[in-house]
Amino acid sequence: MTQAREVMIRAVDLSKHYGSTRAVDGISFEVFRKEVVGFLGPNGAGKTTTMKILTCFLAPTKGDAFVGGHSVWEQSLEIRKMLGYLPEDTPLYRDRTVLEYLEFIADVRGIERDARRAKIKNMVEVCGLGTVIGRVVGELSKGFRQRVGLAQAMIHDPEVLILDEPTSGLDPNQIAEIRALIKELGKEKTVILSTHILPEVQNTCGRVVIINQGRLVADGAPEELQARLEGAHYHVVVEKSDGNAAALKGTLQGITGVKTCNQVEAPEREVAFAIDTVGQADLRRELRLAVEQNGGGLLELRRDALSLEDVFRKLTVSDDAVEARARAAQAESKQGAADNA
Ligand SMILES: Nc1ncnc2c1ncn2[C@@H]1O[C@H](COP(=O)(O)OP(=O)(O)OP(=O)(O)O)[C@@H](O)[C@H]1O
Ligand SMILES: [Mg+2]
């Protein structure tokens, strides 16, 4: 049996309000020791705000968060010691050279003089800073500034790393390098990284926490979210005949397990539907029978697995957008019925 896993980070009903904006709205989650967790969400979801709370840069409006058992309210000093943080906009001292800056950070972090040289050398190697060590930070390209940011986050060898969009601004080669680095780090450290890039979580994270409008909307392994959370997607194409589209759409929509059925663009003399289902059950037979009952000629019936991208989109489109779409679909089907009458 595996041992009970140790919780390294715990957020309990965490909220942060800015006036009437609920940047973070009652989020709870746990991260275990040596886990790499991806924080996924669209712009403004509350990722950075949550990370600022965990790193004690911002006090929550409500709730609590614990890192290594320490509360952000009461033991921020202990928390800061055990974590490294790569902020979204790395506030580097822009007029220092990379070496001077890392020496300064080592000093702030209380690293002994004897150990300092070796630690800096190691960071320069790990983050690929050898060619820019004597350059002024403010004159570096965005990608290299990001690497310096990573070096400052890791120089004191913290147990926990909080990385806010670690690959933003990097070129594809650097992205691959940093992803490999994070994967490697995950063997020894607990890591939370935020991103809107899906391949990032798919390749580097064992678990994904999806947040939207300050709320947690999903929490699980990437493949789990894909398989468990959502239904399937079908594509149905039939031969066009007079007035059959609206009636067929109604029939398809009535099948148990069908969540939405939308008519989509199709070549002349064809009618196509995109169908989303609630569960994982195979509905191909039911869909075929429905088409036949309507006297339509079935041209194509395809079942697509949902990608993590679909999952993300479904979970993070705003309720307003969903409602607007539902209203539009209703109006459309009424219109279709009227046309048929
Ligand atoms: N200092 C602030 N004052 C007022 N509102 C703020 C402040 N900081 C953030 N917000 C608001 O809080 C919400 C969450 O912002 P946050 O930066 O946490 O999102 P994010 O998920 O990191 O987005 P992004 O992907 O764009 O980085 C947004 O609506 C934002 O406008
Ligand atoms: Mg952010």
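Okay, let's start with helix α9 (residues 244–253) and helix α10 (residues 284–293), whose axes come within 10 Å and cross at roughly 150°. Axes here are lines fitted to C-alpha atoms, for helices over the stretch in contact, with angles running from 0 to 180 degrees between N-to-C directions. On the α9 side the contact is made by Leu-248, Thr-251 and Leu-252, and on the α10 side by Leu-287, Ala-290, Val-291 and Gln-293. Contact means C-beta atoms, placed from the backbone, within 7 Å. Five of the contact residues are nonpolar, two polar and none charged; Ala, Val, Leu, Ile, Met, Phe, Trp, Tyr, Cys and Pro count as nonpolar, Asp, Glu, Lys and Arg as charged, and the others, Gly among them, as polar.

Quick housekeeping. This is a predicted model, where local features need pLDDT of at least 70 and side-chain atom pairs count only at pLDDT 80 or more, while totals for chains, interfaces and linings use all residues. Residues are numbered from 1 along each chain as its sequence is written, with chains lettered from A and ligands numbered from 1 in the order in which they are written. Helices (H or I, at least four residues) and strands (E, at least two) are DSSP runs, numbered from the N terminus.

Now α5, residues 142–154. Its 13 residues reach 19 Å from first C-alpha to last, close to the 18 Å expected at 1.5 Å a residue; that expected span is 1.5 Å times one less than the number of residues. The helix is largely enclosed by the rest of the structure, because 11 of its 13 residues are buried. Buried means 20 or more other C-beta atoms within 10 Å of the residue's own, exposed means 12 or fewer, and partly exposed is in between, with C-beta atoms placed from the backbone. Among the buried ones are Phe-144, Arg-145 and Arg-147, and the buried residues pack against β6 (83–86), α3 (98–108), α4 (113–126) and β7 (160–164).

On to ligand 1. Of the 13 residues around it, Tyr-18, Ala-23, Lys-47, Thr-48 and Thr-49 come nearest; near means a C-beta atom, placed from the backbone, within 6 Å. The largest share of that shell, three residues, comes from α1. By type, the shell has three nonpolar, eight polar and two charged residues.

Last stop: Gly-63, in strand β4 (residues 62–67). Is Gly-63 partly exposed or buried? Partly exposed, with 18 other C-beta atoms within 10 Å. Leaving out residues up to four places away in sequence, Gly-63 touches Val-12, Asp-13, Leu-14 and Ser-15.

Definitions and conventions
Two residues are in contact if their C-beta atoms, placed from the backbone, lie within 7 Å.
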